[in-house]
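Hello,

Here is the structure you asked to look at. My notes on it follow below.

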Amino acid sequence: MKDYLSAALQRILTNIASVPADFVPELSVPANPDHGDLATNCAMKLARHLRRPPRGIAEEIVAAFMAEERDPFYIDSVSVAGGGFINFKCSNRYLYRELGACLERGGDFGRSDSGRGKRALVEFVSANPTGPLTVGHGRNAVLGDTLASLLEWVGYEVTREYYFNDAGRQMRVLGASVRSRYEEVTAEEDQPFADLPRAIGHRQTYQSKQLAGAGNKPVIVPDSFPEDGYLGTYITEIARKLAKKHGIDLLDREDNDMFETAAQSVIFGAIRTTLEHLGIAMDSYFNEKSLYERGAVTKTLNALRAQNMVYEEDGAIWFKTSSLGKESDTVLVKRTGEPTYRLPDIAYHVDKMERGFDILINIFGADHIGTYPDILRGLEVLGFDSTRVKVMIYQFVTLIRAGQEVKMSTRKANFVTLDELMDEVTPDVTRYFFIMRSAQKHLEFDIDLAREASDKNPVFYLQYAHARICSILKKAAEINLMPDPGPASLALLVEESEIALIKEIIRFPRVVSSCAETCEPHRLATYLRSVAEAFTRFYHSCRILGEKEGIAMARMALAQAARITLHNGLSILGISAPERM
RNA sequence: GCGCCCGUAGCUCAGCUGGAUAGAGCGUCUGCCUCCGGAGCAGAAGGCCAGAGGUUCGAAUCCUCUCGGGCGUACCA
């Protein structure tokens, strides 16, 4: 309907003297339903240029519209209002047709094909395997997965990818942390008889070292514990596992490889389980190490060098970012010979580009705000179109419990894990709370509110509406009453609350595509709330069961359409749509 | 210092590419359960959209400045 009106207006305007050829009329949905269903401001926009009063221009457009362009299938009435708005009221026939389309498409209602034939890669979570996923990762995970679903709904072929780094400093510190805990654990626990003499010796040297290194530290750690080591209890658990399997044999190891790989596999297993619990299935896990193995990192460095964008100074290798709009240059390879994370990051993005994706989406926390411009610069230098990269930055999450902020610090290991959160409030609630707010705003996650299985909790409002519809349809089916989606049946829907609900439902496909285009998944949550609200109003003002058969069957069709919309919308959000609660 | 994000009802937040009287939820107050699921509905109160300028027919929305908060600004990730 919008397309039709827009084209009609365009034709009319070309026939009006001295309207600029490139003028495009805007159509918007008025906030006040008394102002019709669509409105255009083009008379006001043209007033200055034509040097005529806007109302006069509006009258002329309306006259032309009525004479040449009015399609009664779409348009019921047209009027000029306010300072020169032209308001269009759409016909019920149009609404019924759209409602019929919803019923016909069912589980596919809302899908469109603007992305057909295109491939998108959404990279998200991407936490290094050094500890369990935290609440902050949760927001990342839900945003990324929902955005991926939205892209699928508009036709993209989507790959969900998790990029991780299992080399480098972080992993070394992790390995050293585990080793230190292993020494602690093996000194404390009783060992098998065969190892007894060694075990006793180990315990004695361990304890004397501890005494020597002891101070008034608030957190008790082994003397050998790295300064910036990982303090979480999961590290000790991994050490215990190793002690159980290998006894004290690992004490002799020169390197920490065993500790690193053990830690990584345990932690990664936990991360996968957590994601699964949240309803997220990654298509691929991309290992940074593979870039080194394939020589992609060196290749990228050489390619940048070939563009004359790299130089050496103080033993380090620098990227000339100062010539690309940054205030300073950037180190790519440290004096130690080890690359900073930026170089493999650029190599990784080159790899993504070469895999032929049309758009690359990255979900980053606010703390990464300064890092991605370097990646874009690198891609540009290497001749890639960096506008294909879309970066979605989200702000941090604050947990609220008992009205108080829950302070979190990874160093002190008093963070709340995503698993703990889901245990408290269920995955459905977790997903809804993470998606319901605009990503660029700070999110306050009120655990007490989220825990309430009551009217205070917005998730249940949506699910309740869905369950209620299912219940009604089931009850009706028991007395052999079925929804009638035919045009004659739908034409019986004329009550205010019925029309309002229809209008809300048929907006769905546009909401989905616009959320996908703008990368604003929270607007889908806002929209679904309004659908549930419109349904509940309809439910309270119109009965279904007990009405005459024709009316009942038409209203069942409407309820069915509301069910489809809620169901499809919730499925994009990764939230269940229960048939009873 | 510089860069990015944010400032809307007591609280948490919507507000689509600038539009007509700025909207929800929670909290407060008033009604509504012989009736398809009351986890609900109808209504009331509550606002100098942080502040000041500017752009224009028209600004919560765009521009500039000020104030307030978050994040970044490493040969850490």
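Ser 126 counts as buried, because 21 C-beta neighbours lie inside 10 Å and the cut-off for buried is 20 or more. Please keep in mind throughout that this is a predicted model. Ser 126 is in the loop that runs between strand S5 (119-123) and helix H5 (135-153). Its backbone is worth a look too: phi of Ser 126 is near 45°, which is a positive value in a residue other than glycine.

There is a second residue of this kind. Thr 426 is not a glycine, yet it has a positive phi of about 75°. Thr 426 belongs to the loop between helix H14 (418-425) and helix H15 (427-435). Is Thr 426 buried or partly exposed? Thr 426 has 17 C-beta neighbours inside 10 Å, so it counts as partly exposed.

Next, the sheet. Three strands make up an open sheet, in the order S14-S13-S15, and the pairing is mixed. Which strands stand at the edges? They are strand S14 (404-406) and strand S15 (443-446); each has a single partner strand, so one side of each has no neighbour in the sheet. From one strand to the next, the twist averages 40°.

Strand S13 (residues 397-401) pairs with S14 in the antiparallel sense, over 3 bridges. To find the pairing on screen, go to Leu 399, whose bridge partner in S14 is Val 406. Helix H5 packs on this sheet and touches S13 and S15. The direction of H5 makes about 120° with that of S13. H5 is also the helix at one end of the loop that holds Ser 126.

Last, a pair of helices. Helix H21 (residues 522-541) packs with helix H22 (residues 549-573) at an angle of about 155°, and their axes are 10 Å apart. That angle makes H21 roughly antiparallel to H22, because the term applies to angles over 145 degrees. The crossing of H21 past H22 is left-handed.

Which residues make the contact? On the H21 side they are Leu 524, Ala 525, Leu 528, Val 531, Ala 532 and Phe 535. On the H22 side they are Ala 562, Thr 565, Leu 566, Gly 569, Leu 570, Ile 572 and Leu 573. Of the residues in this contact, 11 are nonpolar, 2 are polar and none is charged.

Regards

Methods: Residues are numbered from 1 along each chain as its sequence is written. Chains are lettered from A and ligands numbered from 1 in the order in which they are written. This is a predicted model: local features need pLDDT of at least 70, side-chain atom pairs count only at pLDDT 80 or more; totals for chains, interfaces and linings use all residues. Axes are lines fitted to C-alpha atoms, for helices over the stretch in contact, and angles run from 0 to 180 degrees between N-to-C directions. Helices (H or I, at least four residues) and strands (E, at least two) are DSSP runs, numbered from the N terminus. Angles under 35 degrees count as roughly parallel, over 145 as roughly antiparallel, 65 to 115 as roughly perpendicular and the rest as oblique. A crossing is left-handed if the near helix is turned anticlockwise from the far one by less than a right angle, and right-handed if clockwise. Two residues are in contact if their C-beta atoms, placed from the backbone, lie within 7 Å. Ala, Val, Leu, Ile, Met, Phe, Trp, Tyr, Cys and Pro count as nonpolar, Asp, Glu, Lys and Arg as charged, and the others, Gly among them, as polar. A residue is buried if 20 or more other C-beta atoms lie within 10 Å of its own, exposed if 12 or fewer, and partly exposed in between; C-beta atoms are placed from the backbone. Two strands pair if DSSP finds at least two bridges between them.
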